[in-house]
Amino acid sequence: MNADDKMTGDVREGVLTIDLQALGDNYLALCDKLAGGARCGAVVKADAYGLGMARVAPALYKRGCRDFFVATEGEGETLRQLLGDDVRIVVLTGVRPGCEADCATSGLVPTLFTLGQVRAWAEACARRGDAAPCAVKVDSGMTRLGMTGEEFDQLLADRELLRAANIELMLSHLACADEPSHPQNAAQLQRFRRAGERLRAQCPQVQLSLANSSGIFLGAEYHFDVTRPGSALYGINPVPGSDNPMRPVVELRLPVIQKRYVSADCAVGYGATAQVPAGSWLAVARGGYADGILRTQSGRGCGWGAGRRLPMVGRVSMDSTVFDISALDATEREALESIQVLNGELTVDEVGAYAGTIGYEILTSLGRRYYRRYLGS
Ligand SMILES: *Cc1c(COP(=O)(O)O)cnc(C)c1O
């Protein structure tokens with residue numbers, strides 16, 4: 001994707017290219033990794049991690065995905081409009097109190113993580129006269145969302161409630177899946193498996209779901225019935241420290257709007273934090289922290305042009321970023337129309353590290369001012 005340095009689209013805009021072919025290949029690669037009967041879902045919350053749910057979800061549907069996960073009811077309703085009725089849409093952060101009937105009417109499966117939520121769901125279903133399916137989440141050790149052990153015991157003891165709530169799916173989430181040797185993985189697996197056995201003893205139809213992207217790579221025993229990958233679909237490395245098995249999905253290219261020769265030693269940018277010596281060449285690119293070029297990359301990050309890394313110089317501004325292009329020869333310098341700040345070489349994971357964060361935050365911070373180009377379908 002990064003073969004040339006020419007801008008496509010409107011040269012005055014930053015161009016964000018999203019490769020739906022690579023995304024689809026990543027989905028199929030994850031499907032191939034799954035054990036036996038496990039299904040591969042897709043997490044498309046936060047506008048598909050910033051890449052555009054309206055284009056991403058249909059591309060995944062085309063590859064056979066029928067289990068989608070979103071964060072909110074609003075996202076779920078948008079997705080239902082996009083994909084129609086033959087997909088399961090699970091809302092990961094529950095349902096707003098009082099909105100159970102709306103959620104059921106939209107055919108959304110809420111993830112319930114307190115006993116009170118399960119009771120409210122059962123009551124709403126009774127009032128509607130039809131038992132719409134829900135998911136329950138148990139806390140297997142992350143201590144974020146999920147029923148505690150005591151609440152889960154109470155749920156299992158209440159046969160009437162179990163019948164009325166129509167639980168279709170049981171979830172839990174791994175805290176350390178990206179660290180395969182962390183002992184918490186096996187501990188969470190064991191607690192989840194045990195909880196699943198107990199629930200299935202009473203509700204044999206319940207499906208189990210534990211693994212996010214990295215969880216899939218922990219091995220077949222983590223796959224259960226449905227997996228929930230997000231980041232790996234979008235090219236983030238699910239096995240940090242090893243070669244990334246996923247294809248890069250995103251390329252971000254900023255137009256160069258000024259090139260300048262530095263004839264005397266000088267300071268660059270806000271705070272005059274960076275000094276450059278006489279004889280340097282700088283390129284100012286359009287795109288700054290308002291566009292998701294995180295300011296915490298200042299003095300550490302880089303761009304990509306003429307086939308190599310080009311260091312950022314000084315602080316990232318709101319709308320522009322300065323790069324040192326002294327390493328380019330005159331021909332390369334003159335030909336340089338744009339600088340890539342994400343591509344197959346300069347990965348979301350690498351940029352996340354420069355910014356002191358993770359690739360997830362780089363993607364979900366991508367700005368709204370770019371011209372968005374989708375490849376493949
Ligand atoms: C976001 C999320 C996922 C996806 O995680 P990735 O690490 O992006 O694969 C899976 N499950 C839950 C509950 C989530 O919130």
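The questions and answers that follow take up the domains, their interface, the ligand and the salt bridges.

Reader: Which domains does the domain assignment give for the protein chain?

Author: What is shown is a predicted model, and that should be kept in mind for every value that follows. For the protein chain, the domain assignment gives domain 1 as residues 20–234 and domain 2 as residues 250–375.

Reader: What distance separates the centres of domain 1 and domain 2?

Author: The centres are taken over the C-alpha atoms of domain 1 and of domain 2. Calculated in that way, the separation between the two centres is 38 Å.

Reader: What area is buried between domain 1 and domain 2?

Author: The two domains do touch, with 10 residues of domain 1 in contact with 8 residues of domain 2. The size of an interface is often given as the accessible area lost when the parts come together. Carbon and sulfur atoms give 60% of the area buried between domain 1 and domain 2, and that area is about 860 Å².

Reader: How many residue pairs are in polar contact across the interface of domain 1 and domain 2?

Author: Salt bridges between domain 1 and domain 2 number 0. Polar contacts, in contrast, are found across this interface, and with both residues at pLDDT 80 or more the number of pairs is 4.

Reader: Which helices each supply at least two residues of the side of domain 1 that touches domain 2?

Author: By class, this side of domain 1 has 5 nonpolar, 4 polar and 1 charged residues. The helices that each supply at least two residues to it are α1 (20–33) and α2 (45–49).

Reader: Which residue has a side-chain N or O atom 2.5 Å from an oxygen atom of the ligand?

Author: Around the ligand there are 14 residues, and among those that come nearest are Lys-45, Tyr-49 and Tyr-360. A backbone N or O atom of Gly-230 lies 2.9 Å from a ligand oxygen, while a side-chain N or O atom of His-173 is 3.4 Å from a ligand nitrogen. The residue with the 2.5 Å distance from its side chain to a ligand oxygen is Ser-213.

Reader: How many residues apart are Arg-88 and Glu-168 in the chain?

Author: The structure holds 17 salt bridges, and one of them joins the side chains of Arg-88 and Glu-168 at 2.8 Å, N to O. Arg-88 belongs to strand β5 (residues 88–91) and Glu-168 to strand β8 (residues 167–171), so that distant parts of the chain are linked, with a separation of 80 residues.

Conventions: Residues are numbered from 1 along each chain as its sequence is written. This is a predicted model: local features need pLDDT of at least 70, side-chain atom pairs count only at pLDDT 80 or more; totals for chains, interfaces and linings use all residues. Side-chain values use heavy atoms; hydrogens and water are left out. Domain bounds come from an automatic or database domain assignment. Contact means heavy atoms within 4.5 Å. Buried area is the accessible area (1.4 Å probe) that two parts lose on being put together, summed over both. A salt bridge is a side-chain nitrogen of Lys or Arg within 4 Å of a carboxyl oxygen of Asp or Glu. A polar contact is a pair of N or O atoms within 3.5 Å; within protein, one must be able to donate a hydrogen and the other to accept it, and residues adjacent in sequence count only if both atoms are side-chain atoms. Helices (H or I, at least four residues) and strands (E, at least two) are DSSP runs, numbered from the N terminus. Ala, Val, Leu, Ile, Met, Phe, Trp, Tyr, Cys and Pro count as nonpolar, Asp, Glu, Lys and Arg as charged, and the others, Gly among them, as polar. A residue is near a molecule or strand if one of its heavy atoms lies within 4 Å of it.
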